[in-house]
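Visitor: Hi! Could you walk me through this one, starting with any words I need?

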Amino acid sequence: MLRAPIRLGLQIPNFNFPEVSEEQLFEKLTDIAGAAESSGFDTVLVMDHLHQIRGVGPPENWMLEGNALLGGLAARTERVNLSLLVGATTYRNPALHAKLTTTLDVISGGRAIHGIGAGWNEEEATAYGYDFPSLKVRFERLEDHLNIARAMFTQSQASYEGKHHSITGAFNNPQPIRGDIPIMIGGSGEKKTLRMVAQYADASNFFGDAERIKHLVGVLEGHCERLGRDIGEITKTRLGTLVVKQSQEEADSLFKHISESSGMPAERLASWIVGDPDTVAEKCTELIDAGLDGLIFNSPEVHDLETVQLIGETLGPLCSGVPSGRSSAG
């Protein structure tokens, strides 16, 4: 059994929904999470940003703090895993972040996943007064973070001496419900990120088409072989955007409208999966056959509960049948 049991995840990156006020927003989000849970999704994920990011919306759009939101959703759901996709090392001391995820795990009855990455948004960090060091230093901080988080997830009192972050006799009580919390690293960097996935993580999250995914899984497998790790222990996932309608014509029409009105770059739109349920299932099968264990999608119509249900019912059976822990050869 995979330690990070992500087969089909719903990411919610946007909080500006039609005719939804501030007072109604959390209830709408709980409705979305509930629809996901009842229709075939096993994981709900949110971003770790302080304002909206390019490619999703203007920076002034609404943005909720991810850990607090996940805690609220934990109290309103029963089965779905809950995670940031993914947290940024630049925004929190790693010991505090480990404590936050442990708290989420306790609130949810053992459904937390610890999503983390090196962080990339310099403009955002500057806006909120956070240090944004070089990529080299951010990766060093990520390695410290991974060691501290695992120590605190598995020990009631932990110590670790790192290059940038250390803990000395740090308590993490109560301990996680399962005795540990799965760690997911986001990113596709072949030399550093995937090496850290092989060394420290229980899940990875990629971007790209089937050919790119197959290549990345092969790179990860190489790191695992060098480190003596079984790649089958790592849940390999991909994040993408999905437009699905009952007919291909409806899906194409919605996609055309978004393309013409959103201002999103063409290369980003080209990665979207667009179609009716059969077309979507066929394209997702290609991704799974490239070596993935799970799929994570966001949708421009996530506010529409029938769309959430359609995605879950279309892909839930497909993803639930994926063999656990496959290599690049499938």
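Guide: Helices (H or I, at least four residues) and strands (E, at least two) are DSSP runs, numbered from the N terminus. Everything here comes from a predicted model, where local features need pLDDT of at least 70, side-chain atom pairs count only at pLDDT 80 or more, and totals for chains, interfaces and linings use all residues. Residues are numbered from 1 along each chain as its sequence is written, and side-chain values use heavy atoms, leaving out hydrogens and water.

Visitor: Nice. How much space lies in the largest pocket?

Guide: About 940 Å³. A pocket is an open set of points on a 1 Å grid over the protein atoms alone, with protein on both sides within 12 Å along at least five of seven lines. The volume is the space filled by probe spheres set on the points, which are joined across faces, edges and corners.

Visitor: Which residues lie nearest the centre of that pocket?

Guide: His49, Ile53, Trp120, Phe207 and Leu239, out of 40 lining residues; a lining residue has an atom within 4 Å of a point.

Visitor: And which element gives the largest share of the lining?

Guide: Strand S10 does, with four residues. S10 covers 235-244, and strand S4 (87-88) and helices H4 (122-127), H5 (135-154) and H9 (266-269) also supply at least two residues each.

Visitor: How does the lining of the largest pocket split by class?

Guide: There are 18 nonpolar, 16 polar and six charged residues. Nonpolar covers Ala, Val, Leu, Ile, Met, Phe, Trp, Tyr, Cys and Pro, charged covers Asp, Glu, Lys and Arg, and the others, Gly among them, are polar.

Visitor: What about the second largest pocket?

Guide: That pocket holds about 420 Å³ of space. Its lining has 23 residues, with Asn14, Val56, Met264, Ser299 and Pro300 nearest the centre. Helix H8 (residues 248-261) gives the largest share, three residues. By class, the lining divides into 11 nonpolar, 10 polar and two charged.

Visitor: What lines the largest cavity?

Guide: Asn67, Leu70, Ser83, Leu84, His97, Thr101, Leu104, Ile113, His114 and Gly115. Four are nonpolar, six polar and none charged. At least two come from each of H2 (66-76), S3 (81-84), H3 (94-108) and S5 (112-117).

Visitor: Switching to helices, how do H1 and H11 cross?

Guide: The axes of H1 (residues 22-39) and H11 (residues 305-320) come within 8 Å and cross at roughly 25°. Axes are lines fitted to C-alpha atoms over the stretch in contact, and angles run from 0 to 180 degrees between N-to-C directions.

Visitor: Which residues make the contact?

Guide: Asp31, Ile32, Ala35, Ala36 and Ser39 of H1 and Leu305, Val308, Gln309, Gly312 and Glu313 of H11; contact means heavy atoms within 4.5 Å. The contact of H1 with H11 has five nonpolar, three polar and two charged residues.

Visitor: And how do H1 and H2 cross?

Guide: Their axes come within 10 Å and cross at roughly 60°, which makes H1 oblique to H2. Phe26, Glu27, Leu29, Thr30 and Ala33 in H1 meet Leu69, Gly72, Leu73 and Arg76 in H2. That contact has five nonpolar, two polar and two charged residues.

Terms used
On a 1 Å grid over the protein atoms alone, a cavity is a set of points where a 1.4 Å probe fits but cannot get out, and a pocket is an open set with protein on both sides within 12 Å along at least five of seven lines; lining residues have an atom within 4 Å of a point. Angles under 35 degrees count as roughly parallel, over 145 as roughly antiparallel, 65 to 115 as roughly perpendicular and the rest as oblique.
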